[in-house]
Structures are given as structure tokens and as C-alpha cells.
Amino acid sequence: MKITNAGIEFLEFNEFRNFAVDYDLLGSVSLSEPVVDKNGSILIKEKVAIKENILKKLEGMEGNYIPSFKLAMSKDLMRMLRMVLSKAILSRIEDRSNEFIFHLYEQNAERMASLKGIIQNAFYSKSLALSFFRILLSHKEFFNHLADFGLLSLGSVIQKQYGFKMVNRFSFLAGLCADIAVSKEGLYKQSFLGSSLSSAVNLSLEIARKLNLPEEVISAINNHGSNGFEIPGVVPATVNVEDLRKHQLNQDLLAGSGMEDDSSDDEEDAGEYADDTAAVTLDALKIARYIMENLKVTTEKEHVSEKLLVMFTYNAEKGLFRKDLADPMIDRFKEFDQAIKRIRTIAEIENKCKFPTSAWAYPKPKAAQILCKDKNYQCPWIVNGWDLRIISPQDPFGHIGTSLDVGTYPKCALEEELHAKIKYTDS
């Protein structure tokens, strides 16, 4: 089987027959070109529904015709592609090794009923469905990465009802396509921050435009790199855009499908650009990028959900993420209530600093001290004579995504409030 610019083509009869039977397509698909014998005579006409009797005819004549079966894109074939793609994506939720995504959706049974429809309808055009079907067939591991990214982005908006049209679908599509250009040699497994993310995004944007994705989705992909977080000690990927452009999958995606996309039954046309939808889609993608990049570098897989939730909660309280998206998402992880309450208290106390971003509870997440990270000795809250010496850096979980250099730091008087409130929180 191969994906062509016009649809799906089979070069072996058995593969074609299995495809038609396995996906229950008999009677609902037709060929876009006739099947001819070696003398050029037509055996099966184009645009004739493929039924069991035709398959038996072809089976009996195998070896006497040119084995080229080109499927015409129809509503039935589109329905099948959507079904296969959504099944492959939903299987990522059911994979217990995919712990964070499993937890995110496991705790959300009331929304799961509509999830299948959201994902199926996201593949609203022939070019979009064929492109991802191509990736699923030829680059399964990369497809899983894109699916996880889409599920993380959707997971941050599906927790509550928004009155904005297409916000669920657009958030899913933004995550699904944000890394679409970086399949080459497993590049997507590396870290994308700063300039490496900007370079990769530029090519992903070209592909997104070729797929005619909505402007709200394109805007989110374009702007989500200004996310404001760092992952200490991580070396970002080296991205050569021209090398990526030459990669065969990107060549295929940039070439486009070469076919007209008819309007689908679910009315994919979202109308004019919607600012509210665009804003939520962008913030959902920022959250998904943050979680995805941290998952890549988490070496200790045990308790990964708790660690990520603590980091995510802390940064949400510090204003890095939109709280109306972050809080419902965090609330799904009830088993980590104590850790989340503790880190929210820590962030709340740090936010009282007279020199914003200087107060630093240490060591996170079970902080017992507060130091002045920027060494503002002129601050009235400095506790003289009690400087703290940091002799080694912590892992990303310990410093919640911000570096704290080895050295000596003054103590902050906010520590008294920390001791009082953390004792209350843990009770």
C-alpha cells in the first residue's frame, strides 16, 4: 500500500483484498482507475463499487492483469480513515506506560464520550486524513509522538466547557501538528527550546499551511515558542531546516495532496478568525509543550505524574500558564492533592517577594527554607547572618524548571510564613 497525491494505491491483490475486507469497505469504495489486463483491456471499470464478486473475479485472474488498485477518495473511505486514525490516537490513552496522559483522561470519564467524535472530526479534510494516514503507516513511533502532543493540548481544554466554537478541535490539531516537521532520524525525541524550537516551528508552519489548517491553529503553532520556561541542563536539538526540508516525509507533506477538499458533513469551516478560540488554543499548546519537553528528559519514570503535576502547578501559580486552563487540568489528579496544595502554598509565598522572582523556597517541592536567589541585600526582609550555601544543583523536579547556581544566598524572612502555612497544609 502507498499513499499517493490522489488517494491510496495497492500494488498487490492480497493487500487490496485484506484492506477492503478488514475495514468493512465492500460495496462502499470504488477504484479511481480501471484494472486492465496485460493487453490493455479493461477488466474492472473505474467508479464501480467493489463487491465480493469482483474480488473473486480478480482472485481467479491473478497474474493476468496489472496489479494496480487505486482507491477513489469517497465519503466512505474518509469515514474509514477517520476511524483508523482516531482508534490509533485513542490507544495512546489506554497505554498504561503513557502514565501522564492515562491519568489525564482516566479521571475524566464524563468527557470521554465526546472524545472520539472530537478526534474523528479533527480529520475533516482529505489532505489532512491522508497525510496522517501516511504517517501512521510509515512512521508509527513518530505518529505516536504527534498523537501524544495532540492529546496533551486537548487535555488542557476538555476539562471544562468553553463557549468558543471549535476550541477542542483546534487545540487538538495544534498539538498534533506542532512537531510535524521533525520526524527525521528521531529528531522529535530531542529537546526543543529557544532557537531550536523556532527553527522547527517555521517548517511545521509551512506544512500546516499546506494542509489548510485554520488560522487559529497556525497562529498557536507560530507563537507557542514564547513560553517563558526553561529546563536546566538540557541541550536543545540542533535543527538544520534545509536538511529537514529534504527529508522524504516533509517533501511529501509539502507537496500537498493535490486534490480538492470537499466540505465534510460536520462543517469544518469555522468561519471568521475567533480571538477567544485562538487565545485558548495558544495557551493549550504552551501547556502541552511544557509537559512534552519535561517528559522527554524525565529519567526517573516512577511517579512521573506527581512530579510533572507539582512542576506544572508551581509554574501556573507563578503566572506562566493561564489558570482557567491549568486549574481544571490539575484538579483531575486528586491523588496528588497534598503535593499540589503544598506547592501552591510555596508559590503563593514566593509571589509576595518585594523583588519579584527573587524569593526562592528550597528545596522544592518539600521546601523548609526561603533564600534570595538574586541576592538583594538591600531588601528589608533579608535575615542577616543566616546565609544559605547551595553546594550542588538539583534535578529539574527539585528546582521546578529554573536554574539555581551553586553558591551562597541570603535567607528571607518569608520563611516564617512558609513554616506556618506548610504545617497547616500538611495537617
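Asp-24 is placed in the loop between H1 and strand S3 (35-36). Helices (H or I, at least four residues) and strands (E, at least two) are DSSP runs, numbered from the N terminus. The phi angle of Asp-24 is near 55 degrees, a positive value in a residue other than glycine. With a relative accessible area of 63%, Asp-24 is exposed; the term exposed applies over 50%, buried under 20%, and partly exposed in between (1.4 Å probe, protein chains only).

The structure is a predicted model, in which local features need pLDDT of at least 70 and side-chain atom pairs count only at pLDDT 80 or more, while totals for chains, interfaces and linings use all residues. Residues are numbered from 1 along each chain as its sequence is written, and side-chain values use heavy atoms, with hydrogens and water left out.

**Overall composition**

The protein contains 18 helices and 9 strands. Of its 427 residues, 54% are buried. Among contacts with a separation of 6 or more, 75% are between residues 24 or more positions apart, where contact means heavy atoms within 4.5 Å.

**Packing of H1 and H2**

Helix H1 (residues 13-22) and helix H2 (residues 52-60) have axes that come within 11 Å and cross at roughly 165 degrees. Axes are lines fitted to C-alpha atoms, for helices over the stretch in contact, and angles run from 0 to 180 degrees between N-to-C directions. H1 and H2 are therefore roughly antiparallel to each other, a term for angles over 145 degrees. On the H1 side, Phe-13, Phe-16, Arg-17 and Val-21 meet Leu-55, Leu-58 and Glu-59 of H2. The residues of this contact divide into 5 nonpolar, no polar and 2 charged. In this division, Ala, Val, Leu, Ile, Met, Phe, Trp, Tyr, Cys and Pro count as nonpolar, Asp, Glu, Lys and Arg as charged, and the others, Gly among them, as polar.

**Loop residues**

Ala-49 lies in the loop between strand S4 (42-44) and H2. The C-alpha atoms of Ala-49 and Ser-30 are separated by 4.6 Å, although the two residues are 19 residues apart along the chain. Leaving aside neighbours within four places in sequence, Ala-49 is in contact with Gly-27, Val-29, Ser-30 and Ile-54.

The loop between helix H7 (140-155) and helix H8 (167-177) holds Gln-159. A polar atom of the Gln-159 side chain lies 2.7 Å from the backbone oxygen of Gly-155. Met-166 is also placed in the loop between H7 and H8, and its phi is near 70 degrees, a positive value in a residue other than glycine.

| Residue | Relative accessible area | Class |
|---|---|---|
| Ala-49 | 28% | partly exposed |
| Gln-159 | 6% | buried |
| Met-166 | 15% | buried |

A further loop, between strand S6 (359-362) and strand S7 (369-372), contains Pro-363. The peptide bond from Tyr-362 to Pro-363 is cis, with omega near -10 degrees.

**Helix H4**

Helix H4 (residues 99-106) is largely enclosed by the rest of the structure, because 6 of its 8 residues are buried. The buried residues in H4 are Phe-100, Ile-101, Phe-102, His-103, Leu-104 and Tyr-105.

Conventions:
Parallel < 35°, antiparallel > 145°, perpendicular 65-115°, else oblique. Polar contact = N/O pair within 3.5 Å; in protein donor to acceptor, adjacent residues only side chain to side chain.
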